[in-house]
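Below is a brief report on selected features of this model.

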Amino acid sequence: MADQGMNGAQVVLKALVDQGVTVIFGYPGGAVLPLYDELFKQNQIRHILVRHEQAAVHAAEGYARSTGKVGVVLVTSGPGATNAVTGLLDALCDSVPLVCLTGQVPTHLIGNDAFQEADTTGITRPCTKHNYLVKDGAKLAGVLHEAFYVAAHGRPGPVVIDLPKDILVGPAPYVAPSRSGPKSYRPQMEAEPAGVAAAAALIATAKRPLFYIGGGVVNSGPVACAALTALIRRTGIPCTQTLMGLGAFPGSDPLSIGMVGMHGTFEANWAMHDCDVMICVGARFDDRVTGRLNAFAPNSKKVHIDIDPSSINKNVAVDIPLVGDVGTVVAALTKQWQAKSYQLDQAALADWWARIRTWRAKDCLHFSQSGQVIKPQYAIERLYQLTKDRDTYITTEVGQHQMWAAQFYKFEQPNRWMTSGGLGTMGYGLPAAMGVQIAHPDALVIDIAGEASIQMNIQELSTLGQYRLPVKLFILNNQYMGMVRQWQELMHGGRYSESYSDSLPDFVKLADAYGAVGLKVDKLDDLDSAITEMISVPRAVIVDCRVDAKENCFPMIPSGAAHNEMLLGPGDEAEQPMSDDGMVLV
Amino acid sequence: MPESAVKTHTIAVLVDDEAGVLARVIGLFSGRGYNIESLTVAQVDRQQKLSRITIVTSGTLMVIEQIKAQLARLVPVHKVADLTTLGPSVARELALIKVVGTGDRRVEALRIADIFRARAVDSTNESFVFEIVGATDKLDAFIGLMEPLGLADVSRTGVVAIARGPNPL
């Protein structure tokens, strides 16, 4: 393609190719027809046609999070852009790098309430890391390259480029990508050496140290995960992970004490409460993690490693902030630890582990499986056992099944676990699984779903059919919006207002209708064979796994409670009524 | 001072002069529930196309730090400076104030304007428009004194501020 005589649409495509893009997820419409015309004429970029724009964004998120690359979305103006908004905010909350191209009415019509016009940059401003409206063809190529830089550098996030149709049709010069981003955006990658030295010295004095690690470690990349894993193993410090951080440290390592937070393990939450030095790496002291703030880890000194300065001291004041990329900072910390030949007080560490073992002995994830009614936890446990030795990626929807998946599925590597953490978007898992499967065609990709969430983007079964994506939908069907029902049971006197999943489709017939394979299992004895069959069928499969409808997700820190007020199970409920402050929290 | 004390801060922000940048800053404040007591913006560097926003806001130390960090991570933001903590600074505001009245009240208004070094920039037989420049509390005081003398209309620029001494932002 010659650089001269290109139109805007050609420039967009060339910029995408030069940025290394091979797949985009999208849905056509009037304002983006010039782009679709150029897509038609080339074969370097594959376009995946979704059935709803929200799904295009989630698919790009799944693609991005399972590969570490920037995911790319293409939607039309007006409703195309507004449908994408949920996905964009989801990506912002979970720091997923995306570039979303939105069509726009021609520049001379902007502001005239034209057909399919929306103020896309206005609407998406608080839902994106940054956005652009291109009103000058001369700036188009530069904006595209800059968007990829901004999406991927610093704390990753979604970037929207709004493209008026006349810009796509009109002439535009092409410029090649430059290595540097905008002058005003230069994220700090390396922490101050003095801070690193102080952090290492503080950790060396710890008697009850704890690593609390999150999605930022995964975002920093596999090398960062390996470096952090090595440091944790070198020091023998216990490690808890956030929902987003699962897989950043091997879940089956004895130093892992499981997930922290509202539905995290008893040992992780008590360790958070009782630790004396907390090393937070790539996590953000989210309210799901901290519980009641004024009772959060009251006797601890805190080190916080984060690439985003605005994460420091946002919810919790920390003693030593280290702003920088996790990989770089952990390497510096490790170097300092070795250079000073630091050693933890081994007797104190042994005592600390002894305490953790007593918490562990509570066996907080215990459940009683008896009879033929399948417990949801048991279903996940079997799914884990039967898929853990394969090349498996897990996505989830949002709710009880998501928490059970987080509790019972252990991840040994990063980028294998895709879930909507910050925004909690029901309907995330199926399209995200599509994106993962596109990136990893030979892998086993499973969406652990609930029967309510799955219906929020169920139309994507059609996309699975079109591209022959063998995604597995493993539905824990309890006929309730389970987490809503659980909260209603625990906090609203068991008045199950609108949380029953009435008039459910027959998922087996639904699978059939979309050209997928449907399996229904409602007896314990049939569970393993259903999972095995799901794995072996080389097509999309829906497993309608009927589980105990009344099971609740424990352990649980009730809203407004502290880590050491965690409920272990139904027996604990009566003793600890919810505080008034807690009632207003979500 | 306890960390929970709410204090007023004047923050200077150097931004790219492009469409939407003010909306980003204002959206940040409204979306995250921060106060804006005053906000001014104008281009200050034509060649590099930079504008300077001066924001007067209030909050606890933690909130002010958060505001600065949130501003700094906006892509078109080049620099964020907290003039309140940086050292001594000069802060000024300009107001145009319309006072309507006749007789003694009119004479008194002129006399006070003289004391405050306010200039009459428009005059009719029954009104003045005064222009006054100064710190916010000086303007407040002047406006307060004009109230019984026929204060009819006020237009204020909001605060602009700059650090004392030779160093630029």
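In this predicted model, six strands of chain A build an open sheet, ordered E2-E1-E3-E4-E6-E5. The pairing is parallel. Which strands stand at the edges? They are strand E2 (46-49) and strand E5 (130-133) of chain A. Each has a single partner strand, so one side of each lacks a neighbour in the sheet. From one strand to the next, the twist averages 20 degrees.

Within this sheet, strand E1 (residues 23-26) of chain A pairs with strand E3 (residues 71-75) of chain A. The sense is parallel, and the pairing runs over two bridges. Phe25(A) has Val73(A) of E3(A) opposite. Helix H6 (residues 140-152) of chain A packs on the sheet. H6 touches strand E4 (98-104), E5 and strand E6 (158-164) of chain A. The direction of H6 makes about 165 degrees with that of E6(A).

Elsewhere in chain A, Met534(A) sits in helix H21 (residues 524-536). Is Met534(A) buried or exposed? Met534(A) counts as buried because 24 C-beta neighbours fall inside 10 Å, and the cut-off for burial is 20 or more. Setting aside neighbours within four places in sequence, Met534(A) contacts Lys472(A), Leu519(A), Val541(A) and Val543(A). Lys183(A) is 351 residues away from Met534(A) along the chain. Their C-alpha atoms are separated by 51 Å.

Now chain B. The table lists overall values for this chain.

| Property of chain B | Value |
|---|---|
| Span of the C-alpha trace along its principal axes | about 55 × 45 × 35 Å |
| Buried share of the 169 residues | 26% |
| Share of contacts with a separation of 6 or more that join residues 24 or more positions apart | 74% |

Chain B holds five helices and nine strands. Read from the N terminus, its elements follow the order β-α-β-β-α-β-α-β-α-β-β-α-β-β.

Terms used. Residues are numbered from 1 along each chain as its sequence is written. Chains are lettered from A and ligands numbered from 1 in the order in which they are written. This is a predicted model: local features need pLDDT of at least 70, side-chain atom pairs count only at pLDDT 80 or more; totals for chains, interfaces and linings use all residues. Helices (H or I, at least four residues) and strands (E, at least two) are DSSP runs, numbered from the N terminus. A residue is buried if 20 or more other C-beta atoms lie within 10 Å of its own, exposed if 12 or fewer, and partly exposed in between; C-beta atoms are placed from the backbone. Two residues are in contact if their C-beta atoms, placed from the backbone, lie within 7 Å. Two strands pair if DSSP finds at least two bridges between them. Axes are lines fitted to C-alpha atoms, for helices over the stretch in contact, and angles run from 0 to 180 degrees between N-to-C directions.
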